[in-house]
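This report covers a single predicted model.

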Amino acid sequence: MSVAVVLFTSDLRLHDNPVLRAALRDADEVVPLFVRDDAVHRAGFDAPNRLAFLADCLADLDAGLRERGGRLVVRRGDAAREVKRVVERTGAASVHIAAGVSGYAAKREERVREALEGTGCELRAHDAVVTALAPGRVVPTGGKDHFAVFTPYFRRWEAEGVRGTLTAPRTVRVPDDVSGDELPDRDAIKNLSPGLARGGEIAGRKLVTSWVNGPMADYEDGHDDLAGDATSRLSPHLHFGTVSAAELANRAREKGGSGGEAFVRQLAWRDFHHQVLAARPDASWSDYRARHDRWRSDEDEIDAWKSGRTGYPLVDAAMRQLAHEGWMHNRARMLAASFLTKTLYVDWRVGARHFLDLLVDGDVANNQLNWQWVAGTGTDTRPNRVLNPVIQGKRFDPRGDYVRRWVPELAELDGAAIHEPWKAEGLDRAGLDYPDPLVDLAEARARFERARGLD
Ligand SMILES: Cc1cc2nc3c(=O)[nH]c(=O)nc-3n(C[C@H](O)[C@H](O)[C@H](O)COP(=O)(O)OP(=O)(O)OC[C@H]3O[C@@H](n4cnc5c(N)ncnc54)[C@H](O)[C@@H]3O)c2cc1C
């Protein structure tokens with residue numbers, strides 16, 4: 001019997017998985033392996049919300065494999081060492097993995113390749129598994145290795161087209177004599193956000209079907225409506241790969257309409273950030289474009305931002321949603337990030353770290369590069385724009401319902417007045433457990449402009 005190993009990483013699914021498909025083509029038996037990598041733990045990347053979502057994903061993947069006659073083998077330790085052990089035990093001739101984009105993923109791939117040297121087993125990394133289009137598949141004319149501007153990237157992304165969708169296998173035969181550890185137990189994980197979503201391929205696929213056949217139609221008009229909560233919430237599934245970006249793009253395209261088109265464009269934004277990171281892995285913690293900022297670092301202000309007590313209702317609503325759900329609306333993320341980096345003029349890395357500690361979709365490519373985009377050290381072509389929380393509130397939460405949901409202290413304020421509680425007549429501010437604004441917006445803006453040499 002020939003054997004192949006599938007090292008699952010950010011592709012925890014049976015449907016549309018080129019890695020699993022290739023392994024099944026290669027061999028009679030397959031070892032579906034997931035390694036809980038010590039390196040992820042050492043990097044502080046195994047935040048409780050993501051660990052819990054991961055536990056759901058692994059349980060679901062195991063169940064799906066069992067329905068097909070197989071099972072998932074989970075190990076803990078060093079990914080390269082565990083792969084080698086499984087290869088030595090089974091005599092596998094190939095190991096299959098999704099090509100990753102982060103520095104960590106590239107290093108893992110390199111270490112697995114090294115570990116397999118001399119075993120006669122080859123490593124095959126598959127493209128367009130984590131993203132819809134592989135990083136580097138389209139590059140600008142003129143010799144650059146990645147696009148730094150989204151619009152020309154998107155033009156080429158569309159022209160290139162997304163690969164076709166693969167079906168899930170019917171049977172997966174796993175060798176008997178490969179042992180694994182227990183699956184992680186979600187209930188044993190502490191400090192979870194109370195409103196955390198459930199993970200797993202089944203939940204992800206249900207969400208895709210209901211999204212594509214329903215609310216997606218209104219996405220173009222509704223995606224910025226904070227109270228309407230009218231986005232797909234598929235980001236954690238895309239992060240863990242329980243939903244395939246390529247299949248999702250194909251399904252949205254097939255459904256069509258302006259909502260479908262607008263949604264596919266967002267999936268291309270995801271690919272865009274991934275291709276930037278693949279070419280510039282250092283951008284995970286270093287400025288993509290240095291602006292020579294001398295960031296401020298006021299711990300009280302940073303704490304007020306983290307705990308949703310800045311006195312700016314929209315910023316506070318955003319930060320409280322993050323703490324409660326481990327997720328935040330995109331418009332809210334932009335505002336919260338702009339407030340930290342431009343209004344408080346605090347290093348984007350401080351905010352990115354806090355987001356990574358809580359976000360269930362926390363993702364090096366999307367998180368770090370969006371933070372850099374907002375901070376003006378990334379790919380934004382208008383690096384010095386500052387979002388004003390009052391104007392943003394009136395525009396994207398005109399009735400104030402998003403703020404009312406997350407900042408109940410202010411619930412008695414009507415409509416958009418909730419965005420400026422300091423102006424509310426008759427409000428007993430002394431009796432209210434809600435802080436005064438942390439900073440004056442005009443002064444903070446002037447400080448930022450001075451710092452960036454724009455005055
Ligand atoms: C400061 C900041 C930090 C962010 N951190 C993350 C992160 O860690 N992980 C993450 O997945 N997204 C991140 N984003 C991007 C975006 O906010 C989320 O992807 C989106 O809010 C997820 O909600 P959704 O699935 O309902 O999105 P939808 O509006 O339904 O969009 C569909 C999908 O498109 C992709 N997408 C949408 N907008 C973006 C974007 N601006 N950049 C990249 N991909 C996008 C996501 O995969 C998303 O799931 C961040 C944005 C900002 C401004």
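## Salt bridges

The structure, a predicted model, holds 34 salt bridges. Side chains of opposite charge can pair when their charged atoms come close. Several of the pairs are described here, together with the exposure of each partner.

Glutamate 67 and arginine 68 form a salt bridge through their side chains, with an N to O distance of 4.0 Å. Glutamate 67 is exposed, at 67% relative accessibility, whereas arginine 68 is buried, at 17%. Arginine 137 is paired with glutamate 160, and the closest N and O atoms of this salt bridge are 3.0 Å apart. Arginine 137 sits in the loop between β5 (122-126) and α6 (150-160), and glutamate 160 belongs to helix α6, so the pair ties together parts that are 23 residues apart in sequence. The relative accessible area of arginine 137 is 52%, which makes this residue exposed; glutamate 160, at 34%, is partly exposed.

Arginine 233 and glutamate 325 meet in a salt bridge between their side chains, at 2.9 Å from N to O. Arginine 233 is in the loop between α8 (219-222) and α9 (235-240), while glutamate 325 is in helix α13 (residues 313-325); the pair therefore ties together parts that are 92 residues apart in sequence. Arginine 233 counts as partly exposed, with 27% relative accessibility, and glutamate 325 counts as buried, with 14%.

Salt bridges with shared partners also join Asp56, Arg186 and Arg198 into one network.

## Domains

The domain assignment gives domain 1 as residues 3-129, domain 2 as 131-164 + 201-279, and domain 3 as 299-451. UniProt, in an unreviewed entry, places the feature "domain: Photolyase/cryptochrome alpha/beta" at residues 2-131. In the model, residues 2-131 are 46% helix and 22% strand, and the end C-alpha atoms of the span lie 30 Å apart.

## The interface of domain 1 and domain 2

The C-alpha centres of domain 1 and domain 2 are 24 Å apart. Contacts between the two involve 19 residues of domain 1 and 22 residues of domain 2. The size of an interface is often given as the accessible area lost when the parts come together. For domain 1 and domain 2 the buried area is about 1,700 Å², with 58% of it on carbon and sulfur atoms.

One salt bridge is found across the interface of domain 1 and domain 2. Elsewhere in the list of charged pairs, the side chains of arginine 163 and aspartate 16 meet in a salt bridge with an N to O distance of 2.7 Å.

## Annotated binding site

The unreviewed UniProt entry places the feature "binding site" at Tyr219, Thr231, Ser232, Arg233, Leu234, Ser235, Phe263, Asp361, Gly362 and Asp363. These positions span 145 residues in sequence, and the farthest two C-alpha atoms are 23.1 Å apart, so they do not all gather at one spot. Arginine 233, which is in this annotation, is also the residue that forms the salt bridge with glutamate 325.

Tyrosine 219 is placed in helix α8. Tyrosine 219 is buried, with 8% relative accessibility. With neighbours within four places in sequence left aside, the contacts of tyrosine 219 are Trp211, Ala230, Thr231, Gly259, Ala262, Phe263 and Gln266. Among them, Thr231 and Phe263 are also listed in the binding-site annotation.

Aspartate 363 is located in the loop between α15 (348-358) and α16 (364-375). Aspartate 363 has a relative accessible area of 8% and is buried. Not counting residues up to four places away in sequence, aspartate 363 touches His239, His274, Leu356 and Gln368.

## Cysteines

How many disulfides does the model contain? The count is zero, with a disulfide taken as a pair of cysteine sulfur atoms within 2.5 Å. Cysteine 57 is buried, at a relative accessible area of 0%. Cysteine 121 is likewise counted as buried, at 7% relative accessibility.

Definitions and conventions:
Residues are numbered from 1 along each chain as its sequence is written. This is a predicted model: local features need pLDDT of at least 70, side-chain atom pairs count only at pLDDT 80 or more; totals for chains, interfaces and linings use all residues. Side-chain values use heavy atoms; hydrogens and water are left out. Buried means under 20% relative accessible area, exposed over 50%, partly exposed in between (1.4 Å probe, protein chains only). UniProt positions are given in the numbering used here, feature names are shortened, and annotations may be inferred rather than shown by experiment. Helices (H or I, at least four residues) and strands (E, at least two) are DSSP runs, numbered from the N terminus. Domain bounds come from an automatic or database domain assignment. Contact means heavy atoms within 4.5 Å. Buried area is the accessible area (1.4 Å probe) that two parts lose on being put together, summed over both.
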